[in-house]
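Visitor: I'd like a walk through this model, one question at a time. Could you start with how far to trust it?

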Amino acid sequence: MEQGLIFSRSGTRQRLYRVSPLLFSQYQTENFRFLPRVRDLPEHGLVTRFYVFDFGYSNPSSQIAPYNTAYCPLQLGRDFLAHTVTATYESVGPQVLTAPPAALISTTAPNVSPGFLVNFLHTHNGVQRQWSNKSITDQESTGDGMTPLILRDPALLPQGDTITCMIQNLANVTLAAQIVFMGGEFDTDSYPQEKAS
Amino acid sequence: MCEGTGAAWDPGREFTYEMGPFTLNAPAAAAASNPQNFAGGATNLASLQNVSCQVGNYPFRCMFVMSRSTFPFSILLTDAGSGSGRSFVPQQTQVHSENMFGTARQLTPWPTPYVFQKNQNITANFTDLGGATGVCSVTNGSPDVTWISGGLFNVNTAFGPPFPGVSLWAGASINIAGVNYVISSAAGSGVTSQTTLILAANYAGATSATAAFSVSNTIRVAFKGVELANSTSSS
């Protein structure tokens, strides 16, 4: 049986929608449209984890050249349930700390929208499956910290699997981008959390 | 409702922990005035390690995270009380603030809450993604500033569709030789390249080719959730 608060939109039992107070600030009562089918947020029995696909923020050498495609593979250390996806990007000038030659001096770097195409490649037991039939734009595939994209069902990424984020820069400028999977890891034995059972 | 835990659910009491404010790329370094929350701290570097926020006498179930900063930053969050200084990112990669934090109007819910144990520290490493410090050349009575050395003027633009082409530094404060000025946000003005920028008003100090400048990033991070009773703290 599903848990969680239930608010009525019509006043009759036939028109009840289960909405989450945790997502009220983002989507008001319409947030029932964004909730995972089988779970409310948050849940317990998991340990908060972030898997970060970084293209140039944490490591500037990973910035994506104009129109280039870049890959960031991450191996799962433990079973992980991905709940939400967020992303950010910006066009960047070269980060030089000594006097740059005149030809390298950047003027203000323009931003473009959409900034990149993205796809996720999930490898399990040597078999690779992509999460969309073709790479899709950042605005169709990710949210941000204030309005994260909530997966309709949490995606299980088993221990030992590899999830690769593939990004294609759509701009004629160098791009820094970062995509984050927020979710939970099954590791409450190592870290004292509120256990599921 | 125990939701399968087998233990009485503790709804807790409303509580928020604030980490900061502290400043990166500041004109001068300053020790934190409140070390437990690292409030008032400042560094003239672009990064700061082991910023702390001490959890009080009750376990804290963190459910939302929010932040407020001058520019974007990246953060590696750790739970110093977990024994091994557990990082929330297995690869130790710093997370961009736009990816991790919301605001009070649109908070970022953690899909699964995390319990920080009592009397332990929430710690974090921060890196500024927007500011810079260095040396510039300025002329009395002129709004033009020329980069000489140190961090280049930031030509990056704000992310996302609403602000295409808007310089991150447009309208930002810049401290030159100890005095705060505003970088012009007028069209075609402001940061015109990595080595030239235009102030909103004329520089009023003495002409100098070795004036120190800094564009600072002041950061606040809030952890919102509930305090739990000690007796129901799980272990």
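Guide: Chain B averages a pLDDT of 88, and 90% of its residues score at least 70; pLDDT is the predictor's confidence in each residue, from 0 to 100. This is a predicted model, so local features need pLDDT of at least 70 and side-chain atom pairs count only at pLDDT 80 or more, while totals for chains, interfaces and linings use all residues. Residues are numbered from 1 along each chain as its sequence is written, and chains are lettered from A and ligands numbered from 1 in the order in which they are written.

Visitor: What ipTM and pTM does the model score?

Guide: Those two go with the whole model. The scores are ipTM 0.83 and pTM 0.86.

Visitor: How many helices and strands does chain B have?

Guide: Helices (H or I, at least four residues) and strands (E, at least two) are DSSP runs, numbered from the N terminus. The C-alpha atoms of chain B fill a box of roughly 70 × 40 × 30 Å along the principal axes. Inside it, the secondary structure comes to 1 helix and 16 strands.

Visitor: What percentage of the residues in chain B is buried?

Guide: A residue is buried if 20 or more other C-beta atoms lie within 10 Å of its own, exposed if 12 or fewer, and partly exposed in between, with C-beta atoms placed from the backbone. Chain B has 235 residues, and the buried part is 49%.

Visitor: How are the domains of chain B assigned, and how many Å separate their centres?

Guide: Domain bounds come from an automatic or database domain assignment. Here, domain 1 of chain B is 13-129 + 217-230 and domain 2 is 132-215. Contact means C-beta atoms, placed from the backbone, within 7 Å, and 6 residues of domain 1 of chain B touch 8 residues of domain 2 of chain B that way. Taken over C-alpha atoms, the separation of the two centres is 29 Å.

Visitor: Which strands are at the edges of the open sheet of 7 strands in chain B?

Guide: Two strands pair if DSSP finds at least two bridges between them. The order in chain B is β12-β11-β15-β9-β10-β14-β13, with antiparallel pairing.

Visitor: Which residue stands opposite I174(B) in β12(B)?

Guide: Strand β11 (residues 173-176) of chain B pairs antiparallel with strand β12 (residues 179-182) of chain B over 4 bridges. The two form a hairpin with 2 residues between them. In that pairing, I174(B) faces Y181(B).

Visitor: Is A177(B) in the turn of that hairpin buried, exposed or partly exposed?

Guide: A177(B) has a positive phi of about 50 degrees although it is not a glycine. Most residues other than glycine have a negative phi. With 16 other C-beta atoms within 10 Å, A177(B) is partly exposed.

Visitor: And F38(B), is that buried or exposed?

Guide: F38(B) lies in the loop between β1 and β2 of chain B, and it has a positive phi of about 50 degrees too. Because it has 27 C-beta neighbours inside 10 Å, F38(B) counts as buried.

Visitor: Why is strand β8 of chain B largely enclosed by the rest of the structure?

Guide: Strand β2 (residues 47-54) of chain B pairs antiparallel with β8(B) over 6 bridges, with S52(B) bridging to T123(B). Strand β4 (residues 73-79) of chain B also runs antiparallel to β8(B), joined by 7 bridges, and D79(B) has I122(B) as bridge partner. Strand β8 (residues 121-128) is largely enclosed because its buried residues number 7 of the 8.

Visitor: Which residues touch the most other members of the largest nonpolar core?

Guide: A nonpolar core is a set of buried Ala, Val, Leu, Ile, Met, Phe, Trp, Tyr and Cys residues joined through C-beta atoms within 7 Å. The core has 96 residues, and the ones touching the most other members are F50(A) and A177(A).

Key
Contact = placed C-beta atoms within 7 Å.
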